[in-house]
Amino acid sequence: MLISIIKRIAQLIVTVVLASTVIFALIHLSGDPTQGFMPVGASPDVREATRARLGLDDPLWRQYVRFIGQGLTGDFGESWRDRQPALNAVLDRLPATLLLGSTALVTATVGGVVLGILSASLRRRSLMVAVQGVALAGQAIPTFWLGAMFILIFAVRLGWLPSSGDGSPTALILPMLTLAAHPGSIIARLIATGMHDLQRSNFVRTAHSKGVSRRNVAVRHIFPNAMLPVLAYVGLQAGFLIGGTVVIESVFAWPGIGRLALQSATQRDLPVIHAFVVVTAIGVCLVNLAIDLAVSAIDPRQRGRAAHGALANG
Amino acid sequence: MPDELEQAMGRRAFVGALALTVAGQRLASAQATPARPEVQPELVIDLDGPPDNLDPALTYSVRDWSILHSVYDALLHFGEDGTLVPLIAEEFSTEDSKVFHVKLREGLVFHDGSPVTSAAITRSVDHLKASESQIADLFGGITEVREIDELTAEIVTGEPSAWLPSQIAVWLVVFPESATPDSLATSPVGTGPYRFEAMDPGNSITLVRNEDYTWGSPKGAALAERVTFRFVPEAATRVADLTTDAAQLIVSLPFDQTTAVEDAGKTVLTEPILGMAFIRIATDTAPFDDRRVRQALNYSVDVQAIADALVGPNTRRLASVFPDPRGLGFDETLEPFPYDPDKARQLLAEADLADGFDSTIQLVAGSRTDIVEAAVAQLAEAGIRLTIETAELAAFNQAWPDDSAPPLRYATWRPMYDPHTFLSLVIDSAGFLSRHDNPKADDLIRAAAIEPDQAARAELYHELGRLLKDEPAAIYLWNLTSSYGISPDLTSWHPRGDEYVVPVATSGGDA
Amino acid sequence: MAEQTATLAPSRGSLPAREAATERRRRRLVPRDRGALLGLLPLVLFLALAFVVPVVFAGNPTAQDLTGRLRPPVGVGGSWDHPFGTDGLGRDLLARVAAGARASLLVSIVAATGAAVVGVAAGLLAGIRGGAADRVITMLVETLLAVPFITFGIVVTATVGQSVTNVLLLLVLSGWITHARIVRLQVQSLMRSEFVEAAYALGAGRSHIARVHLLPNLAPIIIVVLCQQAGAMMLWSASLTYLGIGLPIERITLGGIVRDGQELIYTAWWVSVLGGLTIALAVVGFNLFADWLQRRLDPMLRT
């Protein structure tokens, strides 16, 4: 496990440096960053003063070295736009995204597993098709459109739930469901396929032949093994899930880091984008560590192998 | 109150500024005591995004100023008819537009309890001129602030700057001595109708009523004990908030959603603002250096049809760059270009472009693409074949003066109580954003900038308006309007010409 | 991009022999012809919308009519002149959906193919060469997985600007990972197989082995993933469009139709609904098609 942690951390450092480099290059190679966060009418003199104050007139390599160093030490400096510590801007808004992301992930997993088991075990073909249809649809509908439809139906027409994040717990429901729809339906399909295959696999048949009860086989053997691909999926998608919240946060006015990232990119607020990238990379790293643990708990044979990271998981 | 006004106006030159924009009876209406409705306990306002900054020297958007002018007061204030009225200044006057005499009202206190003195003016001017300020240019002309006594001061400029009072009304708000760069950015303390209470980053800002705001401010009285500004970027979501009573006031209501708001029993307010929409034509490149081509562009677009379909009825068309009677330089005798594709083709033929030509038009990604698409389709019928190019906002702004950028760009500009900023940046050939080259226009703009008398300035701008009609600097579209959805019981709030959403009760300008 | 992972879970990949039997049994449970045909229906419908509609129906996707904007579709108050109604500029929505379907399809297929080419090359390189090449590719993959992809999308578009090329590059950049991971694992296991070892013993070079022995074995899984990604990319490019960072607005795309319709959701619901349903149809179509292909192509299942 220790090796797994060390490898994850090494990878984290590589990720942070590589991603920071790309972002640094894009922001700097695309013109004057002050155009993003200063008013359009600001004079060349005022812009020059700002560039000098932010060190933007240093040679690029020096800025780069400073930038990478800052990323690795967790000191991102001040936001170019509002001159508040960039890391705080991200951390202030992290809880909202974490709340949305984690509840959506739990909903997706629970909902997906239930749907998946239903679809694998239902005897009635019509029901099975219905469940599979829901899973297919959840995977195919653009999230921003689904969100708008949810608002139209549940907030405006029915008046059951608030349309945007107003701080009440009920405001979480619609964005959470919207965010969960896609991963949930994928998990459902993974579970359904996995259970279907496992039910007919050798080791399950062996268990059956040893006289273990159906129920016991399902709970002890089939289900945990069917969960392995789900865990691999969640680990792989952790980064994408955070990305997915950008869209949801815009639709539902949810005050998370996704909207902050979008706004900061528009304004070329490099310190905030930088902090955002590093914080999310750490988040993804932690999720994957947790998944390493879960996988080795379910399947001891995977121990050590899981540590090889994404490629080994596949 | 009328007495104070007379005192304030009694001094020479500045009267010009006020008298010229509108006739005398409208001045009186600005001063009509606002209705005093009962104060609501709670008010939620959906803005279309978070403010970029709260520090006065960094503010540059309507969202910023909505918060700014709820918490702070400036020396001057735009009345609902566009006239400048003294706010925390009891008197504000000038003889030569170089020395501005300010006398502050007695007994005003900041939210932290400290008194408002003339030192606050120096403090604010210094802050706006500081190197960290993004608007240092606008106040750079101020050479000194002389504090005469506790309540009187003189703001002195190097050259006549008759446009300065308009800038003062936007930016020169006063803050107490205890203010720090950090507090200005995160917990502003002013003298305004609301105290700042809390900020939930990216989500909301909460203000509470300032009980001491009882001195009959022309800005109006607070509407609610507690106001929450929420930031909701998606228009459909703002509408949902209003119709489900999660918000009582929403901004930037799209024209196509007005019926949904009305069907839900809410009120739609659509008001012209002091701003304009136009397609800027770069005159530094062929064929746009030929004024006949620029006229042809104006004749080829059926602006009225586009406005009726996509902006809303009663949209006022633009004849040149002076959009609104409340702003300086508006000329009601100047007629907008009619839609006349035959005339356009004839002009193009005269310019040896009988077969039309190809060019590119740029706009900000995510802005009104439908307007541009509609205009482009009409221009194509006259043989002007345009490719649409979207640019992200920062890139778009950077490209204003860039002579390798597309020669046409769809843009909007606001606020324009005083056209000086726009003209000196965009039309003057030396402007930072300019791709316009017309020596006659330069002369008029520079003359108006240092002309101390407002009536004389207005005359110069009228001449400029006629010039820019004949030798167009843009395809002139329309005077911008702003649409709000409000809860029907919110009768005492009225839209402002500058679009700031300050939750105060006002007379509505038609009293 | 989440969608394409259905096949790369640990227990799957190319199916070991034990599962081949179960797969055959499953196919016996589901009548092959009917199920297969039903599964292909959404894709056929989508393709018909994209390619048959413009032939049969004379609507012009760009012709504006400002006085005839927001006409409802036929059946809810509209007429057959505009079977899907009109959009905010009075343009025929059926023609626009059809044109958008073609453009979105093209983008998806080009991007999915590009992702496959890059991903397979990287996977082969990592799998055959091993060593430093393997470590570098693994590192790149890990990095891309850890950075929310949309961040790159935002920053690229915000800084470099919107263009078809940029969107394609972004989609390829996000898609190649899946191929690389799968191919690398498959290659590693194939390299240990008897026939590859035999080929090596006979003196075959690496590129020969890759071409003759590995690629044919990998082709089925690559094609399946490619189809899944084609659907996924349609969704993803729609999200980019929604955030204002997708294809240039002059391109008619399904994402653009839905985004425009979002503003009209209270007055002209059909714009976003018809656009959204078309996207969903395509994604479902590609997914079912990929399932069908998987059942047909898997080398272990060939009988």
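Which residues does B:Leu75 touch, not counting residues up to four places away in sequence?

Guide: The model is a predicted one. Leaving aside residues up to four places away in sequence, B:Leu75 touches B:Leu87, B:Ile88, B:Ala89, B:Phe92, B:Val102, B:Ile168 and B:Leu172. B:Leu75 also belongs to the largest nonpolar core, which has 347 residues. The residues with the most contacts inside that core are B:Leu75 itself, B:Leu76, B:Phe278, B:Ile279, A:Ile191 and A:Ala281.

From this residue one may turn to the chain that holds it. Chain B contains 18 helices and 18 strands. Its radius of gyration is 23 Å, close to the 24 Å that the globule rule gives for 511 residues, so chain B is as compact as a globular protein of that length. The C-alpha trace of chain B spans about 70 × 55 × 40 Å along its principal axes. Of the 511 residues in chain B, 58% are buried. When contacts in chain B with a separation of 6 or more are considered, 72% of them are accounted for by residues 24 or more positions apart.

E11(B) pairs with strand E1 (residues 40–47) of chain B in the parallel sense, over 7 bridges. In E11(B), the residue opposite B:Gln40 is B:Ala224. E11(B) also pairs with strand E9 (residues 204–209) of chain B, here in the antiparallel sense and over 5 bridges. B:Val208 has B:Arg226 of E11(B) standing opposite.

The peptide bond leading from B:Ala286 to B:Pro287 is cis, and its omega is near 0°. Another loop, between helix H9 (235–243) and strand E12 (249–250) of chain B, is the place of B:Asp245. Although B:Asp245 is not a glycine, its phi is positive, at about 65°. B:Asp245 has 13 other C-beta atoms within 10 Å and is partly exposed. B:Asn314 is found in the loop between helix H12 (303–311) and helix H13 (341–350) of chain B. B:Asn314 is not a glycine either, yet has a positive phi of about 65°. With 10 other C-beta atoms within 10 Å, B:Asn314 is exposed.

Chain A comes next. The core that includes B:Leu75 also counts A:Ile191 and A:Ala281 among the residues with the most contacts inside it. Contact between the two chains involves 41 residues of chain A and 38 residues of chain B. On the side of chain A that touches chain B, at least two residues each come from helix H2 (34–37), helix H3 (44–54), helix H5 (86–121), helix H7 (143–157), helix H10 (214–252) and helix H11 (257–266) of chain A. By class, that side of chain A has 18 nonpolar, 13 polar and 10 charged residues.

Chain A itself has 13 helices and 0 strands. Its C-alpha trace spans about 85 × 55 × 30 Å along the principal axes. Of the 314 residues of chain A, 55% are buried. Contacts between residues at least 6 apart in the sequence of chain A join residues at least 24 apart in 72% of cases. One of the helices, H4 (residues 60–73) of chain A, has 14 residues and reaches 20 Å from its first C-alpha to its last, close to the 20 Å expected at 1.5 Å a residue. After H4(A) comes A:Gly74, with a positive phi near 80°.

Chain C remains to be described. Its secondary structure consists of 11 helices and 0 strands. Of the 303 residues in chain C, 55% are buried. Among the contacts in chain C with a separation of 6 or more, residues 24 or more positions apart account for 75%.

Note on methods. Residues are numbered from 1 along each chain as its sequence is written. Chains are lettered from A and ligands numbered from 1 in the order in which they are written. This is a predicted model: local features need pLDDT of at least 70, side-chain atom pairs count only at pLDDT 80 or more; totals for chains, interfaces and linings use all residues. Two residues are in contact if their C-beta atoms, placed from the backbone, lie within 7 Å. Helices (H or I, at least four residues) and strands (E, at least two) are DSSP runs, numbered from the N terminus. Ala, Val, Leu, Ile, Met, Phe, Trp, Tyr, Cys and Pro count as nonpolar, Asp, Glu, Lys and Arg as charged, and the others, Gly among them, as polar. A nonpolar core is a set of buried Ala, Val, Leu, Ile, Met, Phe, Trp, Tyr and Cys residues joined through C-beta atoms within 7 Å. A residue is buried if 20 or more other C-beta atoms lie within 10 Å of its own, exposed if 12 or fewer, and partly exposed in between; C-beta atoms are placed from the backbone. The expected span of a helix is 1.5 Å times one less than its number of residues. The radius of gyration is taken over C-alpha atoms; the globule rule is 2.2 Å times the number of residues to the power 0.38. Two strands pair if DSSP finds at least two bridges between them.
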